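User: Please take a close look at one part of this model, the aromatic pairs and the helix packing around them, and describe it in one connected account.

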Amino acid sequence: MNLSLYFKKFFSSNQASGIILIFCVLVSLLIANSSAGEGFQNFLDKEVGTHLFHLTYPVSIWINDGLMAVFFLLVGLEIKREMVEGELSSFKNASLPIFAAVGGMLVPAVIYTFFNSGTEYGSGWGIPMATDIAFSLAIISMLGKKIPNSIKIFLAALAIVDDLGAILVIAVFYTEQIHWTYLLLSFGTAALLFLLNFLKVTRLIFYIIPGLFLWYFLHHSGIHATIAGVLLAFSIPTNVSTVEISPLEKLEHSLHFPVSFLIMPIFALTNTNIAFTSEMVAGVTSTLGLGIICGLVLGKLVGINLFSFIAIKLKLSSLPQNSTWTQMAGVGLLAGIGFTMSIFIALLSFKDDIPIQDEAKFAILIASFLAAVLGFIILSMSSKKDMNEIEN
């Protein structure tokens, strides 16, 4: 195969972004545990920017608050599109992933709190609530036609609702101090964006420029600046037409490649640079480690399937077409791949305690690995048998 065609095929595949993320995680761990680890950390701590508008921050802040705002812009665009024309466009279509996502957030948080209530780790209850869209979809896509497409759509919709919940958790519970002048400016800018939508302005530049100001105002208000990405996304016009491409779809298409193959790998590379220590490994069996691992692996599995079962028994929802409860269990496990989102919340939860951040990251890595492997095995082993049972 021609080399250029091979790379084109690879980067257009569903698995590509997940493979690159895994590679970046491994590279980051290798760097952190080598002689280059200290230099890499010094680079992340180096302040860059301009003092003119109070925009001088360490490289790590630019990545976590700046680049991740673009990631949340893409997530917001996906959420809005699903609400207008996709899996979330009607209660009948949206109810099961919504119920499942609620269970997948509440049960892990309860499990974590059970282990850590009243301890120095108590603020990390949001860590096991998150699902990493990129990794979970990359893993399930590797199964190809072994599982019904409805299961993949269900996981995607579940992950989108889950991300919306994580965004709300960040906005409400992980904001420390409010600067009201900047917050009012943020409200005014957001109102302008939605006014542009109401006036049917379709040129993206008229949204992007106010969006940059929205990020600046939110960042200085004390609310996490990544929320600007979601607000901007919800203001961008879309439609239900399958013929005419909307501004939202244009922007979403433009962002997929840089987010999947640049922003997320950079985030993974800079936020999993964990130098392993005996204390960190021992921390896996601490209440912090147990809360994260049990929350992500067991909590997601139980929460998603319990709330789905209740919704179906109450006739509010139905199983995805041609799917089984065994496959739902596999999906519940894949949703336990918290990784980038969980790490992001861990950084906010223990902002001033690097050792606890590293212990949390290590536990997240273990939990995400277990969830990915177990979910893949269950879906792979059950799919052929389950599909035969459906056909018969």
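**Aromatic pairs and helix packing**

Phenylalanine 257 and phenylalanine 261 both belong to helix α11, where they sit four residues apart, about one turn of the helix; helices here are DSSP runs of H or I with at least four residues, strands being runs of E with at least two, and both are numbered from the N terminus. The model is a predicted one, in which local features need pLDDT of at least 70 and side-chain atom pairs count only at pLDDT 80 or more, while totals for chains, interfaces and linings use all residues. Residues are numbered from 1 along each chain as its sequence is written, and side-chain values use heavy atoms, with hydrogens and water left out.

A pair of aromatic rings is described by the distance of the centres and the angle of the planes. Rings of Phe, Tyr and Trp (its six-membered ring) pair if their centres lie within 6.5 Å, and planes under 30 degrees apart count as stacked, over 60 as edge-to-face and the rest as tilted. By this rule the count comes to 13 aromatic pairs. One of them joins tyrosine 216 to phenylalanine 217 in an edge-to-face arrangement, with 5.8 Å from centre to centre and 70 degrees between the planes. Phenylalanine 257 and phenylalanine 261 form a tilted pair, 4.8 Å centre to centre with 40 degrees between the planes. Phenylalanine 257 is partly exposed, with a relative accessible area of 48%, whereas phenylalanine 261 is buried, with 17%. Phe71, Phe72, Phe267 and Phe344 form one aromatic cluster.

Phe344 also takes part in helix packing, since Asp163, Ala166 and Ile170 in α7 meet Met341, Phe344, Ile345 and Leu348 in α15 (contact means heavy atoms within 4.5 Å). The axes of α7 and helix α15 (residues 339-349) come within 12 Å and cross at roughly 5 degrees, the axes being lines fitted to C-alpha atoms, for helices over the stretch in contact, with angles running from 0 to 180 degrees between N-to-C directions. That makes α7 roughly parallel to α15, given that angles under 35 degrees count as roughly parallel, over 145 as roughly antiparallel, 65 to 115 as roughly perpendicular and the rest as oblique. By class, this contact of α7 with α15 has six nonpolar, no polar and one charged residues, where Ala, Val, Leu, Ile, Met, Phe, Trp, Tyr, Cys and Pro count as nonpolar, Asp, Glu, Lys and Arg as charged, and the others, Gly among them, as polar.

Helix α7 (residues 149-173) also packs with helix α5 (residues 91-116), at an angle of about 50 degrees and with axes 8 Å apart, and the two are therefore oblique to each other. The contact is made by Leu96, Pro97, Ile98, Ala100, Ala101 and Met105 of α5 together with Phe154, Ala157, Leu158, Val161, Asp162, Gly165 and Ala166 of α7. These residues of the contact of α5 with α7 divide into 11 nonpolar, one polar and one charged.

How values were computed:
Buried means under 20% relative accessible area, exposed over 50%, partly exposed in between (1.4 Å probe, protein chains only).
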